[in-house]
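Dear colleague,

I am passing on the structure we spoke about, and my notes on its contents follow below it. Please read them alongside the coordinates.

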Amino acid sequence: MALQRDIDALVNQATALHCADDPLELIPSDAPLRVATRSKLVGKLIRSRKLGRNVVKRILQRAWEHEHSWSLTEEKPNLFIFTFSNKVDRRYVRDQGIWTVDGSLFVIKEWPPELQFLEICFETVECCIKVLGLPICYFSKANTRNIGQRVGKTL
């Protein structure tokens, strides 16, 4: 009988709760987000047609050769989350520059812990341009800027 009274009291308290009662101000902590995103990278395949998850995974497995300590989740067409079990492999994939998949640019970025997955911006890509055979007399900041601006905005 006492148990039933306790249950009834809890039910009455629960039904009396309202969202408008005493708004609760929460303080965000980035610690859980850092832990959740520490092993992840996000990638976007820049192309108009969808390329299947299995095709992307097979191509990247060959490109990344020994780095197989990762899994791939497709969140939206051509938009992926990579989860790495090895931080050395994650660093290798992140730091090796620009990747291509089936002839299309594949942009890989860190997942900033303060952003939701779909808020990550893929509008810009950092890259290095290698110009072969350029005579040394053309080595200057102005010429570097001119070459870079042919590709896009330079830093």
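Predicted model: local features only at pLDDT ≥ 70, side-chain atom pairs only at ≥ 80, totals over all residues.

Residues are numbered from 1 along each chain as its sequence is written, and side-chain values use heavy atoms, with hydrogens and water left out.

The structure holds 10 aromatic pairs, where rings of Phe, Tyr and Trp (its six-membered ring) pair if their centres lie within 6.5 Å, and planes under 30 degrees apart count as stacked, over 60 as edge-to-face and the rest as tilted. The ring centres of Trp64 and Trp99 are 5.6 Å apart and their planes stand at 75°, so this pair is edge-to-face. Trp64 lies in the loop between helix H3 (53-63) and strand S2 (70-76), whereas Trp99 belongs to strand S4 (residues 99-101), 35 residues apart; helices (H or I, at least four residues) and strands (E, at least two) are DSSP runs, numbered from the N terminus. Trp64 and Trp99 are buried.

For Phe80 and Phe106, the ring centres are 5.9 Å apart with the planes at 45°, so the pair is tilted. Because Phe80 sits in strand S3 (residues 79-84) and Phe106 in strand S5 (residues 104-110), the pair ties together parts that are 26 residues apart in sequence. One aromatic cluster is formed by Trp64, Trp70, Phe80, Phe82, Phe84, Tyr92, Trp99 and Phe106.

Strand S5 pairs with strand S1 (residues 40-46) in the antiparallel sense over 6 bridges, pairing being assigned if DSSP finds at least two bridges between two strands. Within that pairing, Ile46 stands opposite Leu105. S4 and S5 also run antiparallel, joined by 3 bridges, and they form a hairpin with 2 residues between them, where Asp102 in the turn has a positive phi of about 55°.

Glu110 is also in strand S5, and at 33% relative accessibility it counts as partly exposed. Its side chain makes polar contacts (a pair of N or O atoms within 3.5 Å; within protein, one must be able to donate a hydrogen and the other to accept it, and residues adjacent in sequence count only if both atoms are side-chain atoms) with the side chain of Arg90 at 2.5 Å and with that of Arg94 at 2.8 Å.

Best wishes

Methods. Buried < 20%, exposed > 50% of the residue type's maximum accessible area, 1.4 Å probe, protein only.
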